[in-house]
Amino acid sequence: MSALAKHRFDAVNKLQIDQPRLLSRISALGEVGAIDGGGVCRLALTDADRDGRDLVVCWMKELGLAVSVDGIGNVVGVRAGREDLAPVMTGSHIDTVRTGGRYDGNLGVLAGLEVIASLNDAHIVTKRPLAVAFFTNEEGARFAPDMMGSQVYQGDLALEHALDTVGIDGTSVRENLQRIGYAGEAPVGNNHVHAFVELHVEQGPVLEHEGITIGAVTGVQGIHWTELTVEGVSNHAGTTPMALRHDAGFVAMRIAAFAREVAAEMGKGQLATVGQINLTPNLINVIPNRAVFTLDLRNTDADALKKAVDKVFAFAFQVAEEEGVKLTHRPLADFDPVAFDERIVARVESLAKEQGHSVRRMPSGAGHDAQMLARMCPAGMIFVPSVAGLSHNVKEFTHAVDIGAGANLLLSLMTELAEQP
């Protein structure tokens, strides 16, 4: 190792993030779209999302990053390296669900900015450029599918198809991007990234329950989302015999219960959720003639996930036929399980130990932008604990000491990756 290289290595090894500065940014972004209880509502491409974007872009520019916006509204800030090579990227998303918390997604973006700020403070320039990104519509709460921006960025989802997507309020991605001023011109689908690392809160109870600080994420489980519609016949609840009913609500609830039974039968690796259900006419004394509901099935094993999907749908059509109702379905998302790069997983694990933290390998139960980037470059994730396992909840919280541990690990890993040839 040359004297200059050793000097850089020693300087980076001693470097620490400014924890109060990172917490201050998390707090400031949490005020944009704030709701009662301490949470945040910034549905993708709403006015609140625009205001959050404007704030983060302002911070990017203050840090000297070259900021670009692509056709789906993904925002990338790049810090130049000593050489003009593919960057090491970090980031996540800043859109939320309707009852979101302050950390989901936001931590990954703002910790990336803190990495940049810490390197700026120390006057350290990495060999490779560093990039911080936030991707459009990760949550999928307003427009399906989720992780839309990172799918378009990576090239798996056509830009025009994504732009034409109509959301829950009847408006399109295209018109909302134009309305909020984030219909950018940077190209999509042909990007070059050396490696991608995402810091995220666990959004589950495992790390806190086991008293562990860092999760070295091995991959993301497969996800199958479907919207099902059952059409029956409305009738009087008091005069229609049970055997002569065509009850859309009954069929929907039987499918929901069966999905739960399948998950229990297959074991802890299989998950099943009916998260949304709407009945029409939604009256206490009227048999529903229409039920629209969502089905969310997940598993780390692709074959097991397919088996669960097949079993639930076979039952769904059987019970619909028995009740004399019509059943249709519309796919919303279908992602195979993703394994992260073993070299990055192993380095997260070893760096955590070197920095004095407890660590365990674990899969992610939630979907993340990192799983999309994993299709184009080596990728990995760092988890820090979520208090009580809460996420997508206004009470979502992660302790400052854990945020600091995760951000310092991110700093070390990104600078290490950025020195690779």
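Author: Before we begin, helices (H or I, at least four residues) and strands (E, at least two) are DSSP runs, numbered from the N terminus. The model we are reading is predicted.

Reader: With that in mind, in which loop does Ala-388 lie?

Author: Ala-388 has a phi near 60 degrees, a positive value in a residue other than glycine. Most residues other than glycine have a negative phi. As for its place in the chain, Ala-388 lies in the loop between strand 16 (379-384) and helix 13 (400-417).

Reader: Asn-282 is another residue with a positive phi; is Asn-282 buried or exposed?

Author: Phi of Asn-282 is near 65 degrees, and the residue is found in the loop between strand 10 and strand 11. The cut-off for an exposed residue is a relative accessible area over 50%. Because its relative accessibility is 58%, Asn-282 counts as exposed.

Reader: Turning to salt bridges, how many does the structure hold, and with which residue does Glu-210 form one?

Author: The structure holds 25 salt bridges. In one of them, the closest N and O atoms of Glu-210 and its partner are 2.9 Å apart, and the pair links distant parts of the chain, from helix 8 (residues 206-210) to strand 15 (residues 359-364), 150 residues apart. Glu-210 is partly exposed, with a relative accessible area of 42%, and its partner is Arg-360.

Reader: How many residues apart in sequence are the parts that Arg-330 and Glu-227 tie together?

Author: The salt bridge between Arg-330 and Glu-227 has its closest N and O atoms 3.2 Å apart. Arg-330 lies in strand 13 (residues 326-335) and Glu-227 in strand 7 (residues 222-231), so the parts that the pair ties together are separated in sequence by 103 residues.

Reader: Which residue meets Arg-361 in a salt bridge?

Author: Arg-361 is in strand 15, and its partner is in helix 11 (residues 342-354), twelve residues away. The side chains meet at 3.0 Å, N to O, and the partner of Arg-361 is Glu-349.

Reader: Which residue in the turn of the hairpin formed by strand 1 and strand 2 has a positive phi?

Author: Strand 1 (residues 66-69) and strand 2 (residues 75-79) run antiparallel and are joined by four bridges, with Ser-68 standing opposite Val-76. Five residues lie between the two strands of the hairpin, and the one in the turn with a positive phi, of about 90 degrees, is Gly-73.

Reader: Finally, what is the volume of the largest cavity?

Author: The lining of the largest cavity includes Asp-95, Thr-96, His-392 and Glu-396. By class, this lining has one nonpolar, four polar and four charged residues. The volume of the largest cavity is about 30 Å³.

Conventions. Residues are numbered from 1 along each chain as its sequence is written. This is a predicted model: local features need pLDDT of at least 70, side-chain atom pairs count only at pLDDT 80 or more; totals for chains, interfaces and linings use all residues. Side-chain values use heavy atoms; hydrogens and water are left out. A salt bridge is a side-chain nitrogen of Lys or Arg within 4 Å of a carboxyl oxygen of Asp or Glu. Buried means under 20% relative accessible area, exposed over 50%, partly exposed in between (1.4 Å probe, protein chains only). On a 1 Å grid over the protein atoms alone, a cavity is a set of points where a 1.4 Å probe fits but cannot get out, and a pocket is an open set with protein on both sides within 12 Å along at least five of seven lines; lining residues have an atom within 4 Å of a point. Grid points are joined across faces, edges and corners, and a volume is the space filled by probe spheres set on the points. Ala, Val, Leu, Ile, Met, Phe, Trp, Tyr, Cys and Pro count as nonpolar, Asp, Glu, Lys and Arg as charged, and the others, Gly among them, as polar. Two strands pair if DSSP finds at least two bridges between them.
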